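Here is a short briefing on the structure shown below. Keep the sequence and the 3D view open while reading.

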Amino acid sequence: MIDLFFESLFSEVNFSILLVAACASMACALVGTFLVLRRLSLLGDAISHGVLPGLVIGFIVSGSRDLPPMLIGAAVAALLVTIASDWLRDHGMIDGNAAMGVVFTTLFALGIVLMESHARSVDLDPGCVLYGQIELAPLDMVSLPFLETRVPRSLLPIAVVLIIDLLVVLAVWKELKICSFDPALARSLGINVRLVHLLLMLLVSMTTVACFESVGSVLVVAMLVVPAATAQLLCNRLAPMVIVAMAAGCVIAVVGVLGADHLDTSVPGMMAAAGGGLFAFTVVLSPSHGLISRFYRRTRLSLRIASEDVLMEMWNAREKDGEESRVRGRWRIAAIWTLWLRGWLTSPRRSAQPTERGTRLARALEKRRQLWKRFLKRQLLTPEDHLYDPAHRIEHHLDSELSERISRELDQEEGDSSS
Amino acid sequence: MPGLDYNTLVVLVGTVALGIAAGVTGSLALLRRRSLLADALAHATLPGVCLAYLWTGERSLPVLLCGALLSGLLGVVIVSWLPRVTRIRTDAAIGLVLGVFFGIGIALSGHIQRTVTDASQAGLDSLLLGRTAGMLFNDTVAIGVASLAVIGVVFFLRKEFLISCFDPGFGEVEGWPVLALDLLQLFLLAVTVVLALPAVGVVLTAAMLVIPAVSARLWVDRFGILMILAAIIGGATGGLGTLLSARFESLPAGPVIVLVSSSLFIISLLCAPRRGVIARALRSRSRTLNRETRRLLALLLEAKSRGKNTVPHSHLLGRERSVRRRSLDSAIARGWVQLDGDGISLTEGGHQRALRGRRALQLWHAYLEDAASIDRDLVDLDEEQIEKILPAEKVLELERLLSSRTEGGDG
């Protein structure tokens, strides 16, 4: 099984496809991270669709499918998309999303019309723009000047762009970081936010244009967003996020290429599907932001609050009764069992009494509740009949340090007012 | 109409109906800032189409479109669910769904292409870029009925949708089923997208929804009128695009429809009366002119109070020469300023005008000192506007304040 895996991975054909796929998805993941952080994910969508007329015009002007003129045309179109949508948003009083939608669909339609009317009957068709031609990578190999190995020709632009992306991101790392998280701070520090934005847009345009020749325009969107979103669920700091995103890009490339080989289908499609799978996996299982850990944390907190409430009620019941319980049904049973297991109740029954330790905890809780009521009344001037509920809710979240501070402040103030 | 054969007529009716429905739902989407959600929805329909084909093994349009509707709805649900339960934001969620669903669709369609031998792919491929010309009579009837249904729902729930666009909190307080209304809107959007798929294709569906709505938004400010205008624009561009592409046979209808409506958008962007670029440039120009004229009058008034009735030209034309020149011309044309040999001086009317301007400016300053927080719209120190903006009592109060202050200063 494992042997088969490696055999399939390193057969020459697959390896060159994999090389292209991995480089493309790493380049996209790198710039995609900053797009996702700046809430500009859809710009990738807009750019990758909007480059079509640039490609076609490049093709018409040069009369061949040579890469350089088409890439230049596409890059110009990509910059046009970003500048035009920014301009429409800022000067046309149009919602940013809608502005992007208008610009890129118009350009795409223009591209198709140009293609149908001027570039017909050639091997340039909308399909190759939408799907890319990564499968053809092994058929067109070139040998590098200083190396022994032969690499696919379509790898060259992608590799160049990946290296440029890496260098530029490292060079302006600090500026990009501050602009991504706090543009206002960046401005006040004297960073030219606009220039950084334009630089990022330039990187995105370059990367998109270089990659979609291989992986197709829509999959560029997936590659820009999916690894970055996956990394966002796993990391809280920028540097790890970028690294994880690029690693996720590699994983997606490997799984996608192998899956496409196995199922005999399109490589970019399988890469996007693999990305979806990886993301779904992360959404469910991420230790810090996943659904399961979120559910676990919330349940634990709810259980703690419920058991503290029940403990208070039981402790209070020794002095006064007739008050309606806040915790009912299954939560109450779970809370009572928790309390018993922790040794705060004498038995797991409704009639149970707090133990010595339980009483101590209940006293501490009662003290906090009173403290909070006093605080609400004095500092926030809450009316008397509104005190109970908020105090009840907040008592579970006060740690001893904060309680200490509040009680000190209250004492001081009461001392002031009495003297 | 001469030269219009039966096929073209069928397609024409279909695209017009489609354009109308897309205009209506598109303006709802625009107002909820969901324009690109339509794009994600369109891309998310592809796996549904492929699965429906794989499952049933036939290429009938209704079956494929049902699959499209289901997977599109799944995509929309994921887009609205992800930001609520994770730290993924809406834009990233849209990008995710769009890319991943479309990728799955492409993988599936590649699979179909290689395994199912008789699949000529026409059915699936035509959904990517649309094949308006292939519209049949039955398709047109279906599109017409569905468009009518969409418009009917929007018409009956217009009040609820209005509130949900501008003040969802109010709807919640009123006890309306806000979530259900929201889902209904998404459903209508999905239905429209799915209807548009066979005609204009996955990529350009968003254009059918977004561009007419955005163009209409440039002309009007009211909800109902916006929808009607967007529907008219959508229908008109749909019809015009179809006719153009029937005239020039090499051009596919979908992209032509989009280009027609983009041209209309550019015209709207330039010419719309209040929000248009030209109108705004003219307004800003006239505002600059007014301000400069005001400054000119103030300058002359000040010179007059120092006993210099005539001010030489050279004093006035410093920086921003052309604006000053124009303001001087306009002041002369309105009879506020007269040329006086080498210099210029105030006429009687201009003197009155300058006094009024000075008073308004003083009132404004008093008001600004007085009020701690000011609505930014009000702080336009425009001459003699103060009575129009502030209530009369406030102006009287300010005047008292001002006169007491000057008396205090004198004494």
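This is a predicted model: local features need pLDDT of at least 70, side-chain atom pairs count only at pLDDT 80 or more; totals for chains, interfaces and linings use all residues.

Chain A has 19 helices and two strands. The largest nonpolar core has 189 residues.

**Chain A overall**
- Chain A has 419 residues, and 51% of them are buried.
- Take the contacts in chain A between residues at least 6 apart in sequence: 67% of these join residues at least 24 apart.

**The largest nonpolar core**
- In soluble globular proteins, nonpolar side chains tend to be buried together.
- The residues with the most contacts inside the core of 189 residues are A:Ile94, A:Phe279, B:Ile88, B:Leu96, B:Val214 and B:Phe265.
- Helix α9 of chain B, residues 178-219, gives the most to this core: 25 residues.

**A helix pair in chain A**
- Helices α9 (residues 173-181) and α13 (residues 238-263) of chain A have axes that come within 11 Å and cross at roughly 100°.
- Angles of 65 to 115 degrees count as roughly perpendicular, so α9(A) is roughly perpendicular to α13(A).
- From α9(A), the contact uses A:Trp173, A:Lys177 and A:Phe181.
- From α13(A), it uses A:Leu238, A:Ala239 and A:Val242.
- By class, this contact of α9(A) with α13(A) has five nonpolar residues, one charged residue and no polar ones.

**A sheet in chain B**
- Three strands of chain B form an open sheet in the order β1-β3-β2, with antiparallel pairing.
- The edge strands are β1 (311-312) and β2 (337-340) of chain B, each pairing on one side only.
- β1(B) pairs with β3(B), residues 343-346, in the antiparallel sense over two bridges.
- B:Val311 stands opposite B:Ile344 of β3(B).
- Helix α12 of chain B (residues 277-305) packs on the sheet and touches β1, β2 and β3 of chain B.
- The direction of α12(B) makes about 85° with that of β3(B).

**Two positive phi values**
- Most residues other than glycine have a negative phi.
- A:Asp264 is not a glycine, yet its phi is positive, about 55°.
- A:Asp264 lies in the loop between α13 and α14 (267-285) of chain A.
- At 40% relative accessibility, A:Asp264 counts as partly exposed.
- B:Arg33 also has a positive phi, near 55°.
- B:Arg33 is in the loop between α1 (6-31) and α2 (35-56) of chain B.
- With a relative accessible area of 58%, B:Arg33 is exposed.

Note on methods. Residues are numbered from 1 along each chain as its sequence is written. Chains are lettered from A and ligands numbered from 1 in the order in which they are written. Side-chain values use heavy atoms; hydrogens and water are left out. A nonpolar core is a set of buried Ala, Val, Leu, Ile, Met, Phe, Trp, Tyr and Cys residues joined through side-chain atoms within 4.5 Å. Buried means under 20% relative accessible area, exposed over 50%, partly exposed in between (1.4 Å probe, protein chains only). Helices (H or I, at least four residues) and strands (E, at least two) are DSSP runs, numbered from the N terminus. Two strands pair if DSSP finds at least two bridges between them. Contact means heavy atoms within 4.5 Å. Axes are lines fitted to C-alpha atoms, for helices over the stretch in contact, and angles run from 0 to 180 degrees between N-to-C directions. Angles under 35 degrees count as roughly parallel, over 145 as roughly antiparallel, 65 to 115 as roughly perpendicular and the rest as oblique. Ala, Val, Leu, Ile, Met, Phe, Trp, Tyr, Cys and Pro count as nonpolar, Asp, Glu, Lys and Arg as charged, and the others, Gly among them, as polar.
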